[in-house]
Amino acid sequence: MSEVQPRVRDADDAPACTRAPDYLELKDVTKRYGGTVPAVNGVSLSITKGEFITLLGPSGSGKTSTLMMIAGFEEPTSGEITLGGRSLLGIAPHRRNLGMVFQNYALFPHMSAADNVAFPLRMRGVARDEIARRTDAALASVGLQAFARRHPREMSGGQQQRIALARALVFEPDVLLLDEPLGALDKSLREQMQLELKRLHQRLGITTIFVTHDQGEAMTMSDRIAVFNRGRIEQVGTPLEIYHRPATRFVAGFIGDSNIFDLAIGEGGATAVSEMLGSFRIAPSGLAAGTRVRLMVRPETFTIAANARPGEANLLEIAVEGSVHYGDSLLVLGRAGDIEIRVRLPNVQASGIEPGRTLRVSWQPEHAWLLPPEIEKSPAFD
Amino acid sequence: MSIIAGVILLFVLAPLLIIVPMSFSTAPSLQFPPPGYGLTYYREFVTDTRWTGALVNSIIIATLTSIVTMAVAVPASFAIVRHRFRSRGLMTILLLLPLIAPHIVLALGYYVYFGSLRLTQTYTGVVLAHSCISIPVVYLTVSAALKGFDRSIERAAMNLGAGPLRVFRHVTLPVLRPAFVAAALFAFVQSFDETVIAIFISGRDAATLPRQMFDSMRTQADPVVAVVSTLLLAIVVAGVAGSRIVAARRAAFARRSVPVAA
């Protein structure tokens, strides 16, 4: 298995004394395909060596275009991409030494699994017996030695996916690029592959860039997530940062469920006021009274009001419109004033919640998150 | 439904069922049913230089046609399917034009034009004319395969360290090979049984089998024509059966090579 480990970079690539924290760097990268709106618009991102970073966003948000520019299939219209301090621009894809797993795996249909895995080694002129040895090891590392002579069409989606992974790793690339590799798999297999990928990353320590539109996938697998929207990065952070302290309304809405209240800061900066719902306590904001803000409360932050600490918590009366059972929890859909509210309650608390009733819930001020006031840098936030 | 199918089958097969027995006939001219059976005209076919010469001509011309057509239509297919350029639509129409132009019109044109170029009665002339009419079918075959070709495997090959030439050699070509072989066979067959143009321009020196059959029918209803027809039929059947067998063998081999999953 150790055969698949990335080779330690030569001394001149990464001087030992100054282990560059930023290994792969995108500086103000823009890609225009002719239209007026760039597909990628001034993206800057620093990725450290060994990191598992996810580019997350809806389709058309620029995440895949960004990956294609890193892989070399597209050239940026402007900006710079460097790997280990050296520019990648103008370097043909086959000279970049990056391993990639494609959305549909892109296995060579006319080659056996072993020949697929051996391909990058053959292209690199590796000696015949070493090719055989490393191919075997790579197949073993994904548990598919017995399938070496099968052709892709004779393998399941999950097996093809593992072969694609072995092929992308066997030549010890500098970076592993994953373009929605789990999208075509069914749910249980996808979850299994998520764990496997994560384990593989921990074992090999290879810098990995993972593109997905699935926020759950991003949350479970990533060291950091870069959230893309309309060609820009809205926020880069750890999954917990992204979840609990989203930088923009888009991020708050895209990752997890959220309730957003449009409010104005009250006197003293520790309250926020809604004309319809009254005043809420907030964590001290330091903002001037009257500033328009958005308060995000995650559905699972609410508790039933009877359980709340009196005096400290915010109270909200919700007109229940419906509910969805998830087994372990209950999602209550309702309204407070004209705002749609989602409340997620543990199953033990969820009795007697029916449409037409009123549900009183509360939350602690420190468990809500004030979205930073958004400078209208782009019309991305509606 | 099966009655309709049966009638259609009969319509297709009936002429063949008449031709094959006639080829073994002992009658001095085409006659059905034959008065007796023998190999007289088969002997005549293989010994008469008019027939063997025509067979050789046909094979040479069809082979060269196949090569010339592939050399023109394959790059054209790549250009039109994979690139966006201004004259793309016009190019497509030009490539398909021989398909809609009546062969007799083409033949007349070649007869006059190649005459002034001294290309009539030469291999070059016939090969050029046959390549022209074969281009549409090769273009259609190859471009259909190209449209269905998943280019992400080319990207994968690039990503794995293959430059453009090696991507073509190791990935594009092998994956498209069946389409290329089929297209080349189409061009070969197109040329091999093309008659109208051959009659107009092949002359005596470059006479192809269909032309020789036509000539000999016109002059004497020679039963050797039935022999040639039977041989052509046998070749086609053998070709189709052969490709089926190869495909079946390949599938069987693929199954055998699968190790038993532990």
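Two residues are taken to be in contact if their C-beta atoms, placed from the backbone, lie within 7 Å. The model is predicted, with local features needing pLDDT of at least 70 and side-chain atom pairs counting only at pLDDT 80 or more, while totals for chains, interfaces and linings use all residues. Residues are numbered from 1 along each chain as its sequence is written, and chains are lettered from A in the order in which they are written.

**Helix packing in chain B**

- Helix α6 (residues 123–147) and helix α8 (residues 164–192) of chain B pack at an angle of about 160°, with their axes 9 Å apart, helices being DSSP runs of H or I with at least four residues, numbered from the N terminus.
- That angle makes α6(B) roughly antiparallel to α8(B), a term for angles over 145 degrees.
- Residues of α6(B), including B:His130, B:Val137 and B:Ala145, meet residues of α8(B), among them B:Leu176, B:Phe186 and B:Ser191.
- By class, this contact has twelve nonpolar, five polar and no charged residues, where Ala, Val, Leu, Ile, Met, Phe, Trp, Tyr, Cys and Pro count as nonpolar, Asp, Glu, Lys and Arg as charged, and the others, Gly among them, as polar.

**Contact between chains A and B**

- The contact takes 23 residues from chain A and 20 residues from chain B.
- On the side of chain A that touches chain B, the largest share, three residues, comes from α2(A), and the residues of that side divide into 14 nonpolar, four polar and five charged.

**Domains of chain A**

- The domain assignment, which is automatic or from a database, gives domain 1 (2–244) and domain 2 (294–371) in chain A.
- The centres of these two domains of chain A, taken over C-alpha atoms, are separated by 40 Å.

Note on methods: Axes are lines fitted to C-alpha atoms, for helices over the stretch in contact, and angles run from 0 to 180 degrees between N-to-C directions. Helices (H or I, at least four residues) and strands (E, at least two) are DSSP runs, numbered from the N terminus. Angles under 35 degrees count as roughly parallel, over 145 as roughly antiparallel, 65 to 115 as roughly perpendicular and the rest as oblique.
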